[in-house]
Every structure is written in C-alpha cells, then in structure tokens.
Amino acid sequence: MSNVNAMTVDVEEYFQVEAFAKDIPISEWTGYESRLGLQMDKLLQTFADNNVKATFFTLGWIAQNHPDILKRIIAEGHEIASHGFMHQHLSKQNADVFFEDITKAKALIEDITGVEVKGYRAPCFSISADNDWAHDLIAKAGYQYSSSSYPINHDLYGVPNAPKDAYRLSNGLLEIPVTTAKFGNKIYPAGGGGYFRLLPFWLFNYLFNKGQTDRIANFYTHPWEFDPEQPKIESNFKSRFRHHVNQKTALQKLTKLCAKYEWTSMDKAYLSKEHPVLGDWQQVANGQFLTTAV
Ligand SMILES: [Zn+2]
C-alpha cells in the first residue's frame, strides 16, 4: 500500500532563484514585475481540484511584500512554513546572519497568519556536509522540522551520503530529505524541481513511484515553474535552460501527479510519526550513522 505523501512548494519569485543570483543583486528585486499572484492562482486551483493539501515554504521577503498570499494559503487549509527571509545560499551566510534570517522569517509569517510555523527549508538545499551550525540554529529558532537536504550529487546542492528517509538529529530536530529512488547501487533524484520538468512524465513517475515505495515521499516545486509567460532573465545558457525548461507542460504534469497519489502537508505526513535518531548533522551528512537504526 502506498503512503500519503507530502506536497511542498517553495514560495519565491522567479527573480530570486539561485540560478540567477549572480545576475540579479537583492537591490534590484523590486525592479522586477511580480508574477507570484497569478502563479499561486494556478497552483492553488490545481491543489483544490485534486484534493491536495500542501506545505508552502515561504520567504520572509514574500510575507513582507504579499501578506495576502500567505492568508490565502492558510484559508485554503494548507500548512505555512519558512524558506528563510532573503533566500541567500548558506555559503554566503555566517551563523549570526543565518540565525537572524530564519528567526525574522518565522516571526513575520506567524504574525501575518496567526499560525505557528513548524518547518524550515534552506534556500537551494544549501546546508552542506561540513556545515555544523545550521541545524542547531534551526532548532534554537523554534522550528520542529527541516527539509533542507537532497541526498544526491548536484552542482548547486546535495549531501549524497546523507540518509534518504526522515530522521531525527541528536538535537531533536526532524530532517526530512527530498525523495530519491535507488536502482542497484545508484541513487536518482525523484523529488521534483528541474528534473520533474526535464523528464517525460512516465519516466519521472517511474522514479517517484519507486521513491515513495515503503516511505512517505517529499515532493517539491515552485510557483515560477508553471509560468511560461514570465520575463526572461539575461543569464548564461545553463541557468536559463534549468529555469525555463518545459514550463509549458509543467502544470499538466503536476495535475497528473496530484491525481495519481495521495498528498498532504509535511506536518500531517511526518510530525506525528516515529523516526530514528541518527546522530548530529556532520555524522549523518558524511554517512557515519547507524544504518541498522533506519
Ligand atoms: Zn528557494
């Protein structure tokens, strides 16, 4: 029997993504046309039509500029969570800046929605294997879970040796990795993002179906992935391709995925379940955890 899986959305504008971070300084963000409202219309309608509840990891910057969108997420029965305030890759932040960023985002989102924020997702899954302060600070800021790791090899993110199933760190924080699929000795990304748009639906579904067998899967996407009309950013070919590939067909594919599996928010899918305690972040990120405990 398959599980009820977790649907997640990282709520940010197309001009705030990591692929374009080198092209667009923060000071220029306000010069770009906002597309989030109409992108959220499409996503929320698709979720409503398919009886899907989701978790929206939302930037503090978005909360500040579009409080109405946060209220709509709550009014439609979804979970609101935090994607930090300013969407800066962790390699560009020190511990003090990071703690302020995630604390400020949590407080503002709670202020606007009146709902406790339990979950955090790092921008671009950018907590690296040698990063020993982030998870302790996430717990200290009052979050109950983090979904900040993608246990694959990738140029922008990835902790390939980290566990593939949800686990508790020794500080008590629950870490929920994005879903992968194992074939033989190889681990493949199966949790969404660019791969979801790049691959034909049957192939992505093959990976996802394998990934969600015997585990609760964690799928992620972004509002800008469903907006082929968004302004094009001047950047290198790789960044443009990664951002725009197959945006025209993405909503159709998402609708199929919504209909094919059962979906709920992260808090409902994971928080009340038992999860093994595997050690501190450096241990698990380097694969030095007790696999017998999984
Ligand atoms: Zn993001």
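The buried residues of α1 pack against β1 (4-11), α3 (67-75) and α9 (247-260), where contact requires C-beta atoms, placed from the backbone, within 7 Å. The structure is a predicted model, in which local features need pLDDT of at least 70, side-chain atom pairs count only at pLDDT 80 or more, and totals for chains, interfaces and linings use all residues. Residues are numbered from 1 along each chain as its sequence is written. Helices (H or I, at least four residues) and strands (E, at least two) are DSSP runs, numbered from the N terminus.

Q39, M40, L43, L44 and F47 are the buried residues of α1 (buried: 20 or more other C-beta atoms within 10 Å; exposed: 12 or fewer; partly exposed: in between). Seen down the helix axis, these residues fall within an arc of 125°, so they line one face of α1; the arc is that of the directions from the axis to the C-beta atoms. The face turned away from this buried side carries the exposed residues G37, A48 and D49. N51, with a positive phi near 55°, follows α1.

The largest nonpolar core holds 75 residues, of which F56, I138, Y270 and V284 touch the most other members. Such a core is a set of buried Ala, Val, Leu, Ile, Met, Phe, Trp, Tyr and Cys residues joined through C-beta atoms within 7 Å.

Phi is also positive, near 50°, in F125, which lies in the loop between β4 (119-120) and α5 (134-140). F125 is buried, with 27 other C-beta atoms within 10 Å.

Conventions
Contact = placed C-beta atoms within 7 Å.
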